[in-house]
Amino acid sequence: MIGRPTAIALIAIGVVLTATALVLPWYSTGYAGGVEVVVRAWGTEIVNKPGDWPAGELSPWYGLPVAVALALLVAGVWVTRAALAGAAGQLGAAGIIAALVVSERGHAIEQQGDFAIGFGLVFLAVGTVVALAGAVAVQREAA
Amino acid sequence: MRKIAGTVLFVLAAAAAVGATFLPFSELLIRLAPGQPQTAYVTTGWSTHFGGTKDEHGPLFAIPVVLAAVAVLAGVRWRKVAYAGAAALAGVTGMLFVYLLNAISFHEEGNIAIDPALEAGFGNGIWVLITAVVLAFGAVVVHPDD
């Protein structure tokens, strides 16, 4: 048992780390001609975009489910179960991002491009683990 | 009685989630040249195909879905694990929905000049997955406390 104050502190650290992840780049892929695709929580930025490529914008708002999870984590200070829902939901959402990252890395390597993980993804991963540890500890304290 | 109902719902939710991974999450039907048959671009939890060609690096969305389904199934014994599993399944589904919504829009915008009659949309898999989330939370509510 680590005590409720420590558990709440872990959740708070998880929230801050995840919130920081929402403003940092998550990952990027580089291709010939200096084309770089930078994926962030609130959209994808294409540096040196060739005139007609791509015709559409693949720019999902990955930050939206993470923001909902963050709101639940914050609510967890008052409603114990909300923290567990938020942390587990964030873990699930991060699982989809992990699947996408592995896929994008494979595509980049296949096309002899570069792939780089951004600080945003590191903060998201660490924030998720820390928040989950705090949420589980809060549950144990409440039991 | 509540325990039996809860157990049945947990099993149904987990089965629906795993089953959803084998169904299409999104589909694009496009004619690459006038007069040619439509080619299907289909994403499931386990693969992405464009016609007969498999994308060797297609995202394996099924892995987080199956892990969350296992946690939901654990609810038969540990209700709190099932609650976390249901929340994880909701997180998986929410993030997948955000990705697919944008990918479908991208398919439409990017290919409208090639085939104005193209069809792009969600597949049955995403709806089954959303149903699994509802069933999982329903099971948590119905199942008695540990």
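Within what distance do the axes of helix H1 and helix H4 of chain B come, and at what angle do they cross? The views below start with that pair. This is a predicted model, in which local features need pLDDT of at least 70, side-chain atom pairs count only at pLDDT 80 or more, and totals for chains, interfaces and linings use all residues. Residues are numbered from 1 along each chain as its sequence is written, chains are lettered from A and ligands numbered from 1 in the order in which they are written, and side-chain values use heavy atoms, with hydrogens and water left out.

**View 1. Helices H1 and H4 of chain B cross.** The axes of H1 (residues 2-20) and H4 (residues 124-142) of chain B come within 8 Å and cross at roughly 160 degrees. Helices (H or I, at least four residues) and strands (E, at least two) are DSSP runs, numbered from the N terminus. Axes are lines fitted to C-alpha atoms, for helices over the stretch in contact, with angles from 0 to 180 degrees between N-to-C directions. H1(B) and H4(B) are therefore roughly antiparallel (angles over 145 degrees). Among the residues of H1(B) that meet H4(B) are B:Leu9, B:Phe10 and B:Ala13, and the H4(B) side includes B:Leu129, B:Ala132 and B:Leu135; contact means heavy atoms within 4.5 Å.

**View 2. Helix H1 of chain B also packs with H2.** Here H2 covers residues 62-73 of chain B, and its axis is 9 Å from that of H1(B), at an angle of about 175 degrees. H1(B) and H2(B) are therefore roughly antiparallel to each other. From H1(B), the residues that meet H2(B) include B:Val11, B:Ala14 and B:Val18; from H2(B), they include B:Val65, B:Ala69 and B:Leu73.

**View 3. B:Phe97, B:Phe122 and B:Trp127 form one aromatic cluster.** Rings of Phe, Tyr and Trp (its six-membered ring) pair if their centres lie within 6.5 Å, and planes under 30 degrees apart count as stacked. By this rule, there are eight aromatic pairs over all chains. One of them, B:Phe97 with B:Phe122, is stacked, at 4.9 Å centre to centre and 15 degrees between the planes. This pair links distant parts of the chain, 25 residues apart: B:Phe97 is in helix H3 (residues 79-111) and B:Phe122 in strand S5 (residues 119-122) of chain B. B:Phe97 counts as partly exposed at 28% relative accessibility, and so does B:Phe122 at 22%. Buried means under 20% relative accessible area, exposed over 50%, and partly exposed in between (1.4 Å probe, protein chains only).

**View 4. A:Arg81 lies over the face of B:Tyr83.** The distance from the ring centre is 5.3 Å. A charge sits over a ring if NZ of Lys or CZ of Arg is within 6 Å of the ring centre and within 35 degrees of the ring normal.

**View 5. B:Thr43 is a buried residue of strand S2.** This strand covers residues 39-43 of chain B, and B:Thr43 has 7% relative accessibility. Not counting residues up to four places away in sequence, B:Thr43 touches B:Leu23, B:Pro24, B:Phe25, B:Ser26, B:Thr48 and B:Phe61.

**View 6. B:Ile114 lies in the loop between H3 and S5 of chain B.** With a relative accessible area of 45%, B:Ile114 is partly exposed. Leaving aside residues up to four places away in sequence, B:Ile114 touches B:Ile30, B:Arg31 and B:Leu32.

Notes: Rings of Phe, Tyr and Trp (its six-membered ring) pair if their centres lie within 6.5 Å; planes under 30 degrees apart count as stacked, over 60 as edge-to-face and the rest as tilted. Angles under 35 degrees count as roughly parallel, over 145 as roughly antiparallel, 65 to 115 as roughly perpendicular and the rest as oblique.
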